[in-house]
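I'm opening the notebook on this one and jotting things down as I look them up.

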Amino acid sequence: MSAGDFLDVLRERGFIHQVTDEAGLRAQLAKGPLAGYIGFDCTADSLHVGHLMQIMMLRWLARTGNRPVVLMGGGTTKIGDPSGRDETRQLLSEEAIEANKAGIRRSFSGFLEFGEGPGRALMLDNAEWLDQLRYIPFLREVGRHFSVNRMLSMDSVRLRLERDQPLTFIEFNYMLLQSYDFLELRRRHGVVLQMGGSDQWGNIVMGADLIRRMDGAEAFGLTSPLITTASGAKMGKTAAGAVWLNPDRLSPYDYWQFWRNAEDADAGRFLALFTDLPMAEVRRLGALQGAEVNEAKKVLATEATALLHGRAAAEAAAETARRTFEEGAAAETLPSITATLPAPVADLLVSAGLAASKGEAKRLVAQNGVRLNDAPVSDALRPVTAQDLRDGAAKLSAGRKKHVLVRAA
């Protein structure tokens, strides 16, 4: 693939929501490789599945021979991005930001190669220039290019105000700093493209506009759509919380299980977005129906896990799952029950001897102590159906050590 294939790849796989000037960006790509960036604030010591869209866009930028730039928000994390939030972010100490930065670096190791040369990535930290800013010169040189009227119209600000939620002055400045990042990256490293989620559209457009106003130069923006599951849930959120990328936060096996537990209707879309599989194979797997969808979801789980944790860890997770569900963990280690399906989780917990009563079963669920096929159960009355069976059985767990295979009567 060449640099000019980048937009076509992203569009075919479902990554593109908005582009500031697609014709202009295509023309720029046709001239040869360009540099594009995405910023990641250091609010936790690992990225999570909600960041995967952005990470994969950087990966495809690299695979088409362009230059991906990962911008760590060592400076902007001190301010806090108000986008998509109803409350002010907790301000972190510099020590916490540094620790988070080190953890986040590990999240990229399976997706990008850093260094010099075609397709190699560059990692930078905006603290390098933001920490050196002098307030009055910054206001005179940069702040004068921003209209408060326009800033108030941006979703990150407007939605907070419409909900009567407080927006601090320090957060209101975030848009200026993100725009200034784009300007500095263009000046220092020739970066002409900023990418991000759809909630970043306003900030990205303001950055491109600042470059035009201050340097008379062209810059482009591209956003990805908000990804929800087929049932409308936010991608990457489970009853147990965020699905983390670093193995000290979430094991490769649990990560594999997250993808294996995807809804049937999402298999094809997630294969396109979160794996490197050719689109012909994605379309073939996405067209599978009935019980065959399980094969597509196993491929999704293995390929997504291989990108993050390596092929060996992915195949080990797949084999562990195969033994558990297809062989019943050698049948000696996991007991099994038969039940008429559909049946509520609470009833099955009692039938399996994992709970003494329905009341105890409900308490276990309320305490996040119950899993179905290694996915947390949040409703004790959730019915277990034939669709939950994997190769004839569903794994029901209470706590970490009690497991039963449920088979249809």
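**Cores**

I began with the largest nonpolar core, which has 71 residues, and Leu 222 and Trp 259 are the ones with the most contacts inside it. For the record, a nonpolar core is a set of buried Ala, Val, Leu, Ile, Met, Phe, Trp, Tyr and Cys residues joined through side-chain atoms within 4.5 Å. Buried means under 20% relative accessible area, exposed means over 50%, and partly exposed is in between (1.4 Å probe, protein chains only). I then asked which helix gives this core its largest share, and it is H3 (residues 52-63), with 9 residues. A second, separate core has 31 residues, among them Met 175, Phe 182, Ile 211 and Ala 217.

**Ground rules**

I note that this is a predicted model, where local features need pLDDT of at least 70 and side-chain atom pairs count only at pLDDT 80 or more, while totals for chains, interfaces and linings use all residues. Residues are numbered from 1 along each chain as its sequence is written, and side-chain values use heavy atoms, with hydrogens and water left out. Helices (H or I, at least four residues) and strands (E, at least two) are DSSP runs, numbered from the N terminus.

What does Leu 222 touch? Skipping residues up to four places away in sequence, I listed Leu 7, Leu 10, Ile 16, Gln 18, Val 19, Leu 25, Met 57, Leu 193, Gln 194, Met 195, Gly 196 and Ile 204. Contact here means heavy atoms within 4.5 Å.

Next I looked at Thr 223, which sits in strand S6 (residues 220-224). Thr 223 is buried, at 0% relative accessibility. With residues up to four places away again left out, Thr 223 touches Phe 15, Ile 16, His 17, Gln 18, Gly 196, Gly 197, Ser 198, Trp 201 and Ile 204.

**H10 against H11**

Two packed helices are described by the angle between their axes and the distance between the axes. The axes of H10 (residues 174-189) and H11 (residues 201-215) come within 8 Å and cross at roughly 55 degrees. Axes are lines fitted to C-alpha atoms, for helices over the stretch in contact, and angles run from 0 to 180 degrees between N-to-C directions. I therefore filed H10 and H11 as oblique to each other. The cut-offs: angles under 35 degrees are roughly parallel, over 145 roughly antiparallel, 65 to 115 roughly perpendicular, and the rest oblique.

H10 passes H11 in a right-handed crossing. A crossing is right-handed if the near helix is turned clockwise from the far one by less than a right angle, and left-handed if anticlockwise. Residues of H10 in the contact include Met 175, Phe 182 and Arg 186, and those of H11 include Ile 204, Ile 211 and Met 214. I sorted the residues of the contact of H10 with H11 into 11 nonpolar, 4 polar and 3 charged. In that sorting Ala, Val, Leu, Ile, Met, Phe, Trp, Tyr, Cys and Pro count as nonpolar, Asp, Glu, Lys and Arg as charged, and the others, Gly among them, as polar.

Glu 141 lies in helix H6 (residues 135-141) and is partly exposed, at 47% relative accessible area.

**H13 against H15**

H13 (residues 267-274) and H15 (residues 293-309) pack at about 20 degrees, with axes 10 Å apart. That makes H13 roughly parallel to H15. H13 passes H15 in a left-handed crossing. The contact of H13 with H15 has 10 nonpolar residues, no polar and 1 charged.

I followed up Leu 307, which is in helix H15 and buried at 10% relative accessibility. Beyond four places in sequence, Leu 307 is in contact with Met 56, Arg 59, Gly 110, Phe 111, Phe 274, Thr 275 and Asp 276. Leu 307 and Ser 109 are 198 residues apart in sequence and 9.3 Å apart C-alpha to C-alpha.

Most residues other than glycine have a negative phi, and most peptide bonds are trans. I found the bond from Leu 341 to Pro 342 to be cis, with omega near 5 degrees. Pro 342 is in the loop between strand S9 (336-339) and strand S10 (343-344).

Asn 373 has a positive phi, near 55 degrees, and Asp 374 also has a positive phi, of about 70 degrees. Asn 373 is in the loop between strand S11 (370-372) and strand S12 (375-376), and Asp 374 is in the loop between S11 and S12. Are they buried or exposed? Asn 373 is buried at 4% relative accessibility, and Asp 374 is buried at 11%.
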